[in-house]
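I opened my notebook for a first look at this one. Here is what I looked up, entry by entry.

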Amino acid sequence: MRSSGQSPREFDRRVWLAILLIILLGLVACSDKDKKAQKSEPLTMKVEFAGCSNVRQGPICELTSEPKKRRLRIWVKTEPKAALQLLADGKELTHEVHDEQSGRRIKVVVPEGVEGIEIRATLGDRIGGWFLKTVPFAKCSELEDAVALINTGKSAQALGKLNLPETEVEPRCRGRFYGLKARALLNLDRSAEAISSLRKSIELHRQSNNTSQWVLDAAVLVYIYNVITYDIGNSRAVLDSLQPAIDINPEGLPHLAYNRGLLADTTGDLREALRLYIEADRAARRLEMNYVGLLAREQIAIVLYALGRNEEGHRGYESLLATISDDLNNCHRARILSNFAWYGITDDGIDWAVASNGARLKRYDPLPVMKQALEIYRNDCPSRAEEANLLIDFAVYHLKRGQLDDAEQALVQARSRNPQPDALNDTWLLDLDGQLALARGNAKAALKAYDRLGELALPMSEGRLRATLGRANALRALNKIDEAIATYETAELLLEEQMLLVPLSEGRASFLANRDLSATALIDLLVKKGETERAFLVSRAARSRVLRGLQRFEQLSQLSPQAQQIWDRSIANFFKAQHQITTIRAQYAQAARNEQAALDQSFRLQEQLARRALDQAYAAISSPRSQTDYRRPKTGELFLLYHPTKDGTWGFADDGKRVLARRLEAVVPEADPRLLSDTLLTPFADHIETASRLHLMVPGKLWQVDFHALPWKKGVLIEQLTVVYALDSGSAESTPDKQKQMKKALIALDPRGDLSQAYGSGDNLVRRITTNGYAAVRLLRQNEITRSALVRALVDSNLFHYGGHAEHHGREGWESRLLLCNDQSLSIADILALPRVPEQVVLAACESGQAASTTKAQTLGLGQAFVTAGAGQVIAASRPISDILATQLSGMLYNKPFIDAAAALRSAQRSLLTEKNNPDWAAFRALGP
């Protein structure tokens, strides 16, 4: 029955309106419910903590009853605006909060009797939480006497206290029992028994989830494997097995990173070691684990020096000395001071007149620091051996400054303080005897000292290298030129050998600083004898040695698991053989005459084992290139090489027919271009006039000179011939015949989205490249240019054109990168790790071809990395450039078929020469192998 005044249509409309209203209300409710659910998503929290006496799975924090040992440090990373609340058994607890490394560090004293600590984070109606159960720490009373004895150096007595059956030790204390026993055994030089005991302790800790002792005992075991038994494979396995303990107990993070760094350092992977030491320092700072952080920062400074980054290493030590606490052990303080002083003595290879940022630097005088360390070793931390070691440093210091009497007095004192020096100090004493004799003009005495050093120095060691170099210097002083040349050549071979082992040997900084001493002396003698071609090859080998060493550093961080095992095993065997040689030498001095023949045979056997181990290590990475592998110029090509010396520069010109050598005056790269041209080019004018292509091999200090833009005749050099800045890496430059088969091009434009006005859509560039020799052209723009997409595309391309931004960082350029989208980047390490790179590369980006100019040797930039990885030709900018220049030159490169990048660049630059709005046309260079 219908209501009065209501038509059927009106009824239907009202029903449908009601239904629609219900639906809409339901949607709103759902929407509100979704928003509420979205707002109620828990806050993510990352929490690390330290300060427990012990940590077990849960995590469960064991705390002693001593108030000073109930202070926890907790680091929390969550939303920056989130409010944090700290509760103890549900009640708010007074605490300190400090900002630390994108998080907040909380310091709190936990009252006795508290059963749990809770952290709540709130942001609006979003909540996050973290809980740590706290229980009393249960001591192992039956082990306390042994702990006290070990801490006071009475390990034999401690071992007596621990000489009881395992069954007499409470089950929860048995892991601690074996760990203490291992430390006592280790202090008594019983390392094999210590290893067995530590393996038991670690297994017991693992079973009981006692993560604190698990991590600490593992660190001791790793130390034994690294330093005593040279068992690198087992060391790595122990560290790899620690992750479950770290997941429960974040206090182990700094320890794990630090010990991984030591392992990388031991095996020669200095860049990975540096990364891990920095990681350890950051983790230690977050949790105020000051001593572990101190150890990590000390190693960071040492590795920076070993990598030739002396300026950064110096700043690291300065910072370290400024921040060490007053309660630091005096012996450790003296060690830091003496190491800092040593690096101050031996950093002569780096020009400290100008820092990498252009600031003027004051040369550091290490003498006051050395005196401070000596005072500690004589009084607060008496050590005749350390005092003698420091007195050797005094001798080096005085000798470098020509203070011969002071140097001799320091050597006399060093010998009196330690009449039986170890092998390393004995090596230095003999080397300094030889240097002092040479400085006094007594070459015969110097030769005698270096002959003796050669007998004592370990095979394939830095001591053997110094003995050989010193002997060559003495022979030269005696005017025995042919013998000197042969000995310098032996030193060069040893340098090639040391290029692999330098991260593993003593005296790394001095090796890096003096890596070209033998080459420069050898070049001088060969040129004087008229053997300029041999001198030229020596210079090329010395020039490329640094680049090959840098490649090796990178290869070590890219080893496959199988290659890593070969490397670890080989280096461990090398260390073992060297250790046996040292032991045999020590026995030889005390052996009867009839026993010495057997020791001689053992010595030769261990020397062969060391050599074999080194060969196996080389097999894990690329083999070193010999001096015979360097290619000669083709018809029309000219090689120009510049080799810096203390007094000037050697210049070599090779046109394929003969090699010309000229002694050039020292030049300042910032000098007037005409003066630079007269000094560097004019001596080789006849060669330049007959060449059509010039390969320049310039040292780091001359890299900032635009040779191709130097005045020549009535114009500039690039108008005369094509110019390529060659790395002399050994691979072949791309040739026109080879380029005819190249069909695939990759273009990456504007990855950060701020160059759209310069490049537009990129279609014009695609059209030009397609028209001039490349059938398949792929264009990536902005958000498409991710690291993974670029790496995949590069492997399958013949030409790569990048239009974007680049940054040059690091003393030797190793931190340089191409900027990609979403804050991603392509680093030098990424480039060198590519299985294949395009034959031709154009990097239209600021600083993409820049290299360090503060070192003598050629170093790597982004463009150079592509060449090193196998590219035949690379066009890159040596400094910052304008977007206009980058865009204009990019278009000009492809006006003709792009089969010779260097020739295309020359054509483009000759066109730009006539345009007044592009004064910095010379910023771009062609780089080649």
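Which residues make a nonpolar surface patch of about 250 Å²? I found Tyr223, Val227 and Ile228 there. I noted how patches are defined: their residues have over 30% relative accessible area and no salt bridge, with like charges joined within 9 Å and nonpolar side chains (Val, Leu, Ile, Met, Phe, Trp, Tyr) within 5 Å. A salt bridge is a side-chain nitrogen of Lys or Arg within 4 Å of a carboxyl oxygen of Asp or Glu.

Before going on, I wrote down that this is a predicted model, where local features need pLDDT of at least 70, side-chain atom pairs count only at pLDDT 80 or more, and totals for chains, interfaces and linings use all residues. Residues are numbered from 1 along each chain as its sequence is written, and side-chain values use heavy atoms, with hydrogens and water left out.

Next I looked up isoleucine 228. I found it in helix 6 (residues 211–228); helices (H or I, at least four residues) and strands (E, at least two) are DSSP runs, numbered from the N terminus. Isoleucine 228 is partly exposed, with a relative accessible area of 31%. On this scale buried means under 20%, exposed over 50%, and partly exposed in between (1.4 Å probe, protein chains only).

Then I turned to the rings. The structure holds 17 aromatic pairs. Rings of Phe, Tyr and Trp (its six-membered ring) pair if their centres lie within 6.5 Å; planes under 30 degrees apart count as stacked, over 60 as edge-to-face and the rest as tilted.

Why does the pair of phenylalanine 574 and phenylalanine 575 count as tilted? Their planes are at 55°, with the ring centres 6.2 Å apart. I saw that both phenylalanine 574 and phenylalanine 575 are buried.

Phenylalanine 800 and phenylalanine 866 also make a tilted pair, because their planes are at 45°, with centres 6.1 Å apart. This pair links distant parts of the chain, 66 residues apart: phenylalanine 800 is in strand 20 (residues 799–803) and phenylalanine 866 in helix 34 (residues 862–869). Both of these residues are buried.

I also noted a cluster in which ring pairs link Tyr305, Tyr317, Phe340 and Tyr343.

My last entry is on the whole chain. I counted 36 helices and 26 strands. Of the 929 residues, 53% count as buried.

Terms used
Areas by Shrake-Rupley, 256 points an atom, 1.4 Å probe, with all protein chains shown as cover.
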